[in-house]
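Take a look at the chain below. The text after it goes from the overall fold to single side chains.

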Amino acid sequence: MNSFYVTGGRLRSTVFRKLEEWQSCQQALLIELDPAKNQSRACVEYISPPEACPDELPAVLFKSATLQGNKLYTCTSTEVLIYELPAFRLLHYISLPCFNDLHHVYPTHQGTLLVAVTGLDMVVEITTTGSTIRECGVLGEDPWTRFSRQTDYRKVATTKPHKSHPNHVFELDQEVWVTRFLQRDAICLTTPGSRIDIAVQGTHDGYVFGDRIYFTTVDGHVVIANRKSLKVIETIDLNQLGGKPGESLGWCRGVLPLDERRVWVGFTRVRPTKFVENVAWVKNGYSHRHKPSHVALYNLERKTCEQEIELEPHGIGVVFSLLPVPAIESGSAETILRESGKTTGV
């Protein structure tokens, strides 16, 4: 793998006030990063239209994405966007009133879309034309007992605190699964009762790779489960694989396995928030020692960190997804970067 995609956002800067998560980014950004040369090109730069986001300082960034064939499925907090690669031509755009703090979009085997509506603690299944097929609360309850169908949640800055905070959707043998931050697990929505206990900390990614599922926890663990037995087979504390003592790696989110030994993992710089329970994992003594947003390559067999790349010089202040460049774009990464005309070298 010569290069990979990183989704996230360009940070909004202000000297007058501290910004919350839902105000953090001024522009959604998807880059292709060449780790060998520490160069990147901007593939998509995007700003949400006013009608699809809150009126005051909305955070505009790409959340977790899915790559399937030559199509990339991604989302902002209030929109689903589907791009055709390699030109990143926008094929579909969907924005519904129930969309609030979206975290992931995933195409099903049937051609529909599963969307993690984190702000309403539910997963919705929709078509590419925006028709709703079903709505599933991730706590076994009707989500509309707490929320109103008459509200346009795209205009609501935040619905926190959440009761579950679903993050990532995936399929196992055509069954729908979702990770839940507060419950520290992944559950099956189509066969209630099936569950993978992550336990370590708040869960984010659920990336299926071969017979394994790679989960990240926000405090810097990679938890690997067997997709058949649904049992955790290994838990790796990335904090022990490099870095300075007492230094926080950051908010761990985004995982890309290269093989069973090596994985790229994304980290976002920890920033203050009034929802202290969300960053309670940041231990005493870490508060002034946070690493900048970055990606790191780990060898899980040797238990070493082989490479780190800061992302902020490449425009990414908040990172969500790491995705492989599909075979349709295979070839010289150097040529791709040179011809793009948007290369950033660090």
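This is a predicted model: local features need pLDDT of at least 70, side-chain atom pairs count only at pLDDT 80 or more; totals for chains, interfaces and linings use all residues.

Residues are numbered from 1 along each chain as its sequence is written, and side-chain values use heavy atoms, with hydrogens and water left out.

Start with the whole chain. The protein has 1 helix and 25 strands. Helices (H or I, at least four residues) and strands (E, at least two) are DSSP runs, numbered from the N terminus. Of the 346 residues, 57% are buried. Buried means under 20% relative accessible area, exposed over 50%, and partly exposed in between, with a 1.4 Å probe and protein chains only. The accessible surface is about 14,600 Å², and carbon and sulfur atoms hold 48% of that surface. Accessible areas come from the Shrake-Rupley method with a 1.4 Å probe; for residues, only the protein chains shown count as cover. Among contacts (heavy atoms within 4.5 Å) between residues at least 6 apart in sequence, 54% join residues at least 24 apart.

Now go inside. In soluble globular proteins, nonpolar side chains tend to be buried together. A nonpolar core here is a set of buried Ala, Val, Leu, Ile, Met, Phe, Trp, Tyr and Cys residues joined through side-chain atoms within 4.5 Å. The largest such core has 31 residues, and V6, L238, V265 and Y298 have the most contacts inside it. The elements giving two or more residues to this core include β1 (4–11), β2 (25–34), β21 (262–268) and β22 (294–299). Take V265: leaving out residues up to four places away in sequence, V265 touches V222, L238, C252, G254, V255, H294, V295, A296, Y298 and L322. A second, separate core has 20 residues, among them C75, F99, V115 and V124.

Next, look at β22. Two strands pair if DSSP finds at least two bridges between them. β22 pairs with β21 in the antiparallel sense over 6 bridges. There, W264 stands opposite L297. β22 is also joined by 6 bridges to β23 (residues 304–310), again antiparallel. There, V295 stands opposite I309 in β23. The hairpin of β22 and β23 has 4 residues between the strands, and K303 takes a positive phi near 60 degrees.

Finally, the rings. Rings of Phe, Tyr and Trp (its six-membered ring) pair if their centres lie within 6.5 Å; planes under 30 degrees apart count as stacked, over 60 as edge-to-face and the rest as tilted. The whole structure has 11 aromatic pairs. F62 and Y83 form an edge-to-face pair, 6.5 Å centre to centre with 85 degrees between the planes. F62 sits in the loop between β3 (39–46) and β4 (66–68), and Y83 in β6 (residues 80–84), 21 residues apart. F62 is buried at 0% relative accessible area, and Y83 is buried at 5%. F170 and F215 are also edge-to-face, at 6.2 Å and 65 degrees. F170 lies in β12 (residues 166–172) and F215 in β17 (residues 212–217), so this pair ties together parts 45 residues apart in sequence. Y5, Y46, F62, Y83 and F88 form one aromatic cluster.
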